[in-house]
Structures are given as C-alpha cells and as structure tokens.
Amino acid sequence: MRRKIDPIELDDLDRQLINELQNGFPVSERPFHDVAVQLGSDEKTVLAKLTRLRESGVLSRFGPMYHAERMGGGLTLAALSIPEDDFDRVNDIVNAFPEVAHNYKREHELNMWFVLATETPDRVEECCHEITEATGYQVYNMPKKQEFFIGLRFDV
Amino acid sequence: MSNWQMDETDRKIIKATQEGLPLVEAPYEAVGAEIGLSGDEVRQRLNAMLDAGVIRRIGAVPNHYALGYTANGMSTWDVPDEKVKEIGEKIGALDFVSHCYERPRHQPIWNYNLFAMVHGKDKETCMKRVEMIAQMLGEDDRGHEVLFSSKILKKTGLRIA
C-alpha cells in the first residue's frame, strides 16, 4: 500500500488538533464534542477537519494504538537486502502479509525494513521464514532486546 | 500492569478498531453497532485495555512526512554490549529521539546493536543530531550509520485476523 499524501494547508485548528490528539482522545459518548469544547470549536467543524486530515494522509491513523506484546502477540523489526530491479516485486509480496504493520525503504545494503506484529510470539519466526521463502531473500530478524524510550510525537 | 486476558468480546473490538475509529459524532456507539455491543460496553472494554497498557493510547498518528519531518534517520550504533543499557538510556532521553532499542547484531552484514530514531525537519538537522550523539558517546561509539527512509511502503496499525 502506498498512500499518496496531498500537500494541504494547515490552519490553527488543524495544528491544535494534530498536537492535542497525539496526547489522547476521550473515551466518552461525544468525544469529538469534548475535543471541540476544549479547543473552542464545535463538533461539526472538528469532525470535518479530522476527516480532511485523514483523507489527505496528514494523519496516517486515528484510533487506539494497540501494544502487540501486551496483547499476547509478537513484534519485531526485520530487514531485507533486495536488488533495486527486484524491489517492487518483493515489496508487493512483503506488504501482502497482514502481519507487516510498517514497511520503509531505507538507503542501505539492507534496504527494506519492516515491523512485524503477530498474534502470537511464535508467529514472528514463522513469518520471517515465510517471507524468506516467498521472496527468495533472507530475512534478518532484529527483535528488540531492551527498550529505552518511546515518545513519538510531532509538534506542528 | 494488570493480568488482562483477551476474550472474544475484546477481540471483536480490536478487530473493529485496529484500522481506526470512525469519524462520526458517537464513534464508540458506531463501533458497538457493528459488533452487537452498546457504546458503554465498548468504552468499558477500551478503558480496561488502556489501564492494562494493551492500548498505548487512543489518538492521532500524524504522517511525519506530511508535516515536514522528512528526514527520519534511523541511527544505528555499535556500542560495547556491557554498556548498552547505560548508553541506551542516555540516548533515549534526548528530545529528538523517538525510539531507542537494543537489537541483535547479524554479522557480517549488520554490526550494530543499538537503534535510535532521530527526527528533524531535514536530513542536515538529523545528521547534526547524530553527530551530537557521537560526541556524547566518545570512545563507546565504535561505529555508527544513519539509515534514511526514502519511502513509506506500508503503514497500518496492528492487525489481528
């Protein structure tokens, strides 16, 4: 899946929404209304704004962020080294695995890096094996051994 | 962390929300309607999963490319194994670093054991920041490399079948 990002103009409310909603979203009956009140707007406007932000690709996701390992699942980062002229074919195969949550092209001999999120921990190894079989390239599995900090957030 | 266990109802909720919440006035009611639950039940379950850390948070994930954070350098470091915790904590505390992990080496193709995602508005800013880390590490930096992403090939949430 390659999602096209349309460059769009962001106004103050767009920016506030992007910043605020990275912190969390109410679990209430009318959460968009609650957000709107907090930002001095109204529910209809907030919904329209968020719809536009999501459709344009500025927001790649909006909803619960599940923690694979605590769900009892497996998670890993893995890499492949693929010749440029075979990249698209391999990309299609890799992306077709539902367990592949993120996939990035990177400038290195190891040029495809993807996150595998699996329902069970054992499935990680299986998946790596299946991708190796399906693509013909060795998957380098790099599961995390220690985590030091996670605080991904972007201010606009 | 509680000893939360996924049951069939949770599984249905996860399946219905892993692609995101519907952008409608009452999103939890809408999710519930799809799977035969009330909005209250959906909210209770989501709150329980938030408490258990099964959901990290509910909210928005911006596409950093679209926001102009185009550089997104994955800095990778070869540091002494016995010092990886100390060094990882130092790097992880930097405000331009989003994730920092120890990962296994795959010699000879991959000699790095510490990963730190460095963000900036452009490549140059990222490289300066990586240089700062290198100086901070001194001799413990036995080699590093920065892998820039040239394309997002796929980006979804987790999926369960």
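I call a residue buried if 20 or more other C-beta atoms lie within 10 Å of its own, and exposed if 12 or fewer do. The model is predicted.

**Entry 1: helix H5 of chain A.** I began with H5(A), residues 122-135. I checked its length. At 1.5 Å a residue, its 14 residues should span 20 Å. The end C-alpha atoms lie 21 Å apart, which agrees.

Next I asked which residues of H5(A) are buried. They include A:Val124, A:Cys127, A:Cys128 and A:Ile131. These cover an arc of only 100 degrees around the axis, so they sit on the same side of H5(A). The face turned away from that buried side carries A:Asp122, A:His129 and A:Glu133, which are exposed.

What do the buried residues of H5(A) pack against? I found strand S2 (74-80), helix H4 (87-95), S4 and strand S5 (140-141), again in chain A. After the helix comes A:Gly136. Its phi is positive, near 85 degrees.

**Entry 2: the cores.** I turned to the largest nonpolar core, which has 53 residues. Which members touch the most others? They are A:Ala78, A:Met112, A:Phe114 and A:Leu116. Strand S4 of chain A, residues 112-118, gives the largest share of this core, five residues.

I then followed A:Phe114, leaving aside its neighbours within four places in sequence. It is in contact with A:Ala78, A:Val94, A:Val100, A:His102 and A:Asn103. A second, separate core holds 21 residues. Among them are A:Phe148, B:Met74, B:Trp77 and B:Leu114.

**Entry 3: domains.** I noted the bounds chain by chain. Chain A divides into domain 1 (12-55) and domain 2 (74-141). Their C-alpha centres lie 35 Å apart. Chain B divides into domain 1 (9-51) and domain 2 (73-148). For chain B the centres are 38 Å apart.

Key. Residues are numbered from 1 along each chain as its sequence is written. Chains are lettered from A and ligands numbered from 1 in the order in which they are written. This is a predicted model: local features need pLDDT of at least 70, side-chain atom pairs count only at pLDDT 80 or more; totals for chains, interfaces and linings use all residues. A nonpolar core is a set of buried Ala, Val, Leu, Ile, Met, Phe, Trp, Tyr and Cys residues joined through C-beta atoms within 7 Å. Helices (H or I, at least four residues) and strands (E, at least two) are DSSP runs, numbered from the N terminus. Two residues are in contact if their C-beta atoms, placed from the backbone, lie within 7 Å. The expected span of a helix is 1.5 Å times one less than its number of residues. The arc is that of the directions from the helix axis to the C-beta atoms. Domain bounds come from an automatic or database domain assignment.
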